[in-house]
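Me: I am new to this structure and would like a close look at a single part. Please walk me through the charged side chains and their partners, with each term explained as you go.

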Amino acid sequence: MNADGCTNRFRCVQCGFPIDTLYIQYSPGNIRLMKCEYCKVVADEYIECEVMILIIDLILHKPQAYRHLFYNRFSKEAVNFQGLLWKSVLAFLLLDIYRMWTLRMNENEWTLPATVVSFLLDFGKMFARVVLENLIFLAVMIHGTGKLQSASARVFGWKEVSLIVIISSYFKIFLMAMMVWKFPSSVIFIIDMFVMSSNYVALKVVEAVITDSMMMRCLTVCLVAHGLKFLSCQGLIVQC
C-alpha cells in the first residue's frame with residue numbers, strides 16, 4: 001500500500017476523505033501510519049489490528065470497518081479482484097441454496113431424493129432459482145447505488161457494487177451453524193435482517209458524504225431489493 005504515483009487510492013476510515021497512502025514502511029515490520037489531512041487522526045488503524053477486531057467491528061456495523069474493507073483492503077490494487085469476486089459469488093449462492101433447502105425441509109417436510117440423478121436434478125432447479133432471485137436482488141442494488149452516486153463522482157462500478165453487497169452479506173455464514181445444530185426457521189429470518197442491516201451500512205459507506213435524505217434513499221434501496229428477493233423466494237419455495 002505504499003505510494004506509487006497513484007493519488008486518492010485509499011480513504012480515511014473515520015471521515016471517508018481520500019488519501020494517497022495509508023502508511024510509510026521504513027523496514028520490514030516497521031511502519032508509520034499516516035494521518036488524514038481532513039480529520040487529523042490516523043487514516044486506517046485497522047492495518048495494525050488483529051482480524052478478530054475487524055470482524056467484531058463488522059458485526060457491530062461500524063462504518064470504519066466497512067470503509068477499511070471496501071476502500072483499503074479489497075481495492076483492485078490490493079487483491080486479485082476478479083478472483084475474489086467469483087469466489088464470493090459462488091459462496092454467496094451456495095449459502096442461499098442451503099437457506100432455501102433448509103426452509104423447504106422445515107416447511108414442506110422435504111426429504112432427499114431416492115436416487116443421485118433425482119438429487120442432481122433437484123439441486124440444479126434450486127440453483128437456477130437461487131441465481132434468478134439473486135440476479136433480481138443485485139440488479140436493484142446496483143441500479144439503486146448508481147442513482148445514489150449520480151450526484152457525485154462515481155467511485156464504484158457494477159462489479160465493485162456486487163462485491164460490496166456480497167461481502168456485506170457475511171452474516172449468511174452463520175447459516176452453516178444450522179448444519180450442526182437444529183434451529184427453528186425463525187433464525188433464518190433473523191439472519192436475513194442482519195444481512196439487510198449490513199447491506200444498508202455498506203451502501204452508506206459507498207457515499208463519501210451522507211445526509212439524512214441520502215440515508216433514507218439507501219434504506220429504501222435495501223428494503224426494495226430485499227423485499228423483491230423475499231417475495232420471489234417465497235414464490236419459488238411454494239412452487240418446489
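**Charged pairs and their surroundings**

Reply: Let's begin with Asp-57, which counts as buried at 10% relative accessibility. Here buried means under 20% relative accessible area, exposed means over 50%, and partly exposed lies in between (1.4 Å probe, protein chains only). Before going on, please note that this is a predicted model, where local features need pLDDT of at least 70 and side-chain atom pairs count only at pLDDT 80 or more, while totals for chains, interfaces and linings use all residues. Residues are numbered from 1 along each chain as its sequence is written, and side-chain values use heavy atoms, with hydrogens and water left out.

Asp-57 has a charged partner: its side chain meets that of Lys-62 in a salt bridge (3.5 Å, N to O). A salt bridge is a side-chain nitrogen of Lys or Arg within 4 Å of a carboxyl oxygen of Asp or Glu. Side chains of opposite charge can pair when their charged atoms come close. Lys-62 is partly exposed, with a relative accessible area of 35%. The whole structure has 4 salt bridges.

Two of the bridges involve Asp-96. In one, the side chains of Lys-172 and Asp-96 meet at 2.6 Å, N to O. Lys-172 lies in the loop between α5 (158-167) and α6 (186-206) and Asp-96 in helix α3, so the pair ties together parts that are 76 residues apart in sequence. Helices (H or I, at least four residues) and strands (E, at least two) are DSSP runs, numbered from the N terminus. Both Lys-172 and Asp-96 are buried.

Lys-229 also forms a salt bridge with Asp-96, and the closest N and O atoms are 2.8 Å apart. Because Lys-229 lies in helix α7 (residues 212-239) and Asp-96 in helix α3, this pair joins parts that are 133 residues apart in sequence. Lys-229 is buried, with a relative accessible area of 10%, and Asp-96 is buried at 2%. Through shared partners, salt bridges join Asp-96, Lys-172 and Lys-229 into one network.

Lys-229 has an aromatic neighbour too: its charged end sits over the ring of Phe-137, 4.9 Å from the ring's centre. A charge sits over a ring if NZ of Lys or CZ of Arg is within 6 Å of the ring centre and within 35 degrees of the ring normal.

Back in helix α3 (residues 81-108) you will also find Arg-99. Arg-99 is buried, with a relative accessible area of 6%, and its side chain makes a polar contact with the side chain of Asp-192 (2.7 Å). A polar contact is a pair of N or O atoms within 3.5 Å; within protein, one must be able to donate a hydrogen and the other to accept it, and residues adjacent in sequence count only if both atoms are side-chain atoms.

To finish, look at the rings around Phe-171. Phe-171 is buried, with a relative accessible area of 6%, whereas Phe-174 is partly exposed at 42%. Ring pairs link Tyr-170, Phe-171, Phe-174 and Phe-194 into a cluster. Rings of Phe, Tyr and Trp (its six-membered ring) pair if their centres lie within 6.5 Å; planes under 30 degrees apart count as stacked, over 60 as edge-to-face and the rest as tilted.
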